[in-house]
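Subject: Structure for you to look at

Hello,

Here is the structure I said I would pass on. Please open it beside this email and read the two together.

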Amino acid sequence: MTIIVTGGAGFIGSNFIFHMLEKYPDYRIVCLDKLTYAGNLSTLASVMDNPQFRFVKGDICDREAVYNLFEEEEPDIVVNYAAESHVDRSIENPGVFLETNIMGTATMMDACRKYGIERYHQVSTDEVYGDLPFDRPDLLFDEETPIHTSSPYSSSKASADLLVLAYHRTYGLPVTVSRCSNNYGPYHFPEKLIPLMIANALNDKPLPVYGEGINVRDWLYVEDHCKAVDLVIHHGRVGEVYNIGGHNEMRNIDIVKMICDALDKPYSLITYVTDRKGHDMRYAIDPSKIHTELGWLPETKFEDGIKKTISWYLDNREWWETIISGEYRNYYKAMYVNR
Ligand code: NAD
Ligand code: TDX
């Protein structure tokens, strides 16, 4: 079994590669990653010497490179994690999101059509459903919830989902799609809420909370997401969408306070800043389908997952300090100074 994992030098893709190499020692895993600002080869250092693993630097939009890779590797499965993934960056610069998230997905699927494949899996997001109101805790996103996007990021991911499902209907491509809620855990890029707050708190820097901090996200430990994708690629029904989430809704401000408490830092570091444009209020996933059909359930409770995550950032300072001392400084300045 050969699996191409795109975007495997990023947060979730790398965790998925670790999971797969450990669980299936006879599988060959080929990572295709462009190494954008979000991709880090150092993340994959522990598997680089594994003979079952190959890293290829390349762009999922580069048709020739993608086709060459398919000719060389003859993959059985493709799992597409590669994407521009940060909502705030999509608000500043939508173009690259359309290019990678839509055109890159189409290029990967064209390769699958041309060379044949057992399964193409699209890693999507709960953000394609838009948001839910605060005053209706009974409402959750299920797979039939209409697509209703808010940001250029979520619109590009939703466009990709529609293309993936259309390639199934039109060409019979054996696809699956999963839509997961917010992940957290090791190797999360420090532009995102949880790692940004951990890094800033450790450096005694202000903790920039958007708006009033009351927006709600449904957090899932990254390993649980990886296990769900593993189940879907092996046992999920072709042409189907599976929502992934662990019924763990939390307000941003409560997460930030929890991080302050865990690191023994004062709440006075918390700074309320101008809200994100078009900020989605609440996400909440109904994971009944993946539970009923594939037996998936999240294994890590948030209290344990956040402790493990904070310990990981304490033990791996070099990983994130290298990131935040580079080009990231310009991003941070543009995004947060005088906000
Ligand atoms: P990330 O930004 O940490 O990593 C993205 C990776 O993709 C990086 O290694 C980057 O170098 C690579 N990449 C970007 N453009 C590329 C291109 N054109 N060609 C090849 N590689 C390219 O993202 P993440 O948080 O790990 O998210 C992975 C996937 O999961 C994305 O598709 C995202 O939409 C989806 N997702 C993320 C979350 C979350 O909470 N992070 C939740 C649900 C879904
Ligand atoms: O500095 C911050 N302050 C703040 O209040 C940042 C970076 C975020 N926030 C808020 C915005 C959101 O309400 O925290 C919440 C989480 O923000 P992000 O970490 O940027 O995640 P989100 O926008 O919810 O999107 C994430 O989950 C769905 C991933 O980045 C997406 O790739 C995924 O599809």
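This is a predicted model: local features need pLDDT of at least 70, side-chain atom pairs count only at pLDDT 80 or more; totals for chains, interfaces and linings use all residues.

Ligand 1

There are 28 residues around ligand 1, and Ile12, Asp33, Ser85, Tyr153 and Lys157 come nearest. On its own, ligand 1 exposes 840 Å², and 97% of that is buried by the protein. H1, strand E5 (119-125) and helix H5 (152-171) each give two or more residues to the shell, with E5 giving the most, 3 residues. By class, the shell has 12 nonpolar, 12 polar and 4 charged residues.

Largest pocket

The largest pocket holds about 200 Å³ of space. Its lining includes Asp88, Ile91, Glu92 and Arg339. The lining has 6 charged, 3 nonpolar and 1 polar residues.

Second largest pocket

About 160 Å³ of space lies here, in the second largest pocket. Among its lining residues are Phe18, His19, Tyr221, Glu223 and Trp312. Helix H1 (11-23) and helix H7 (222-235) are the elements that give two or more residues to the lining of this pocket. That lining is made up of 6 nonpolar, 2 polar and 2 charged residues.

Regards

Key:
Residues are numbered from 1 along each chain as its sequence is written. Chains are lettered from A and ligands numbered from 1 in the order in which they are written. Side-chain values use heavy atoms; hydrogens and water are left out. On a 1 Å grid over the protein atoms alone, a cavity is a set of points where a 1.4 Å probe fits but cannot get out, and a pocket is an open set with protein on both sides within 12 Å along at least five of seven lines; lining residues have an atom within 4 Å of a point. Grid points are joined across faces, edges and corners, and a volume is the space filled by probe spheres set on the points. Ala, Val, Leu, Ile, Met, Phe, Trp, Tyr, Cys and Pro count as nonpolar, Asp, Glu, Lys and Arg as charged, and the others, Gly among them, as polar. Helices (H or I, at least four residues) and strands (E, at least two) are DSSP runs, numbered from the N terminus. A residue is near a molecule or strand if one of its heavy atoms lies within 4 Å of it. Accessible areas come from the Shrake-Rupley method with a 1.4 Å probe; for residues, only the protein chains shown count as cover.
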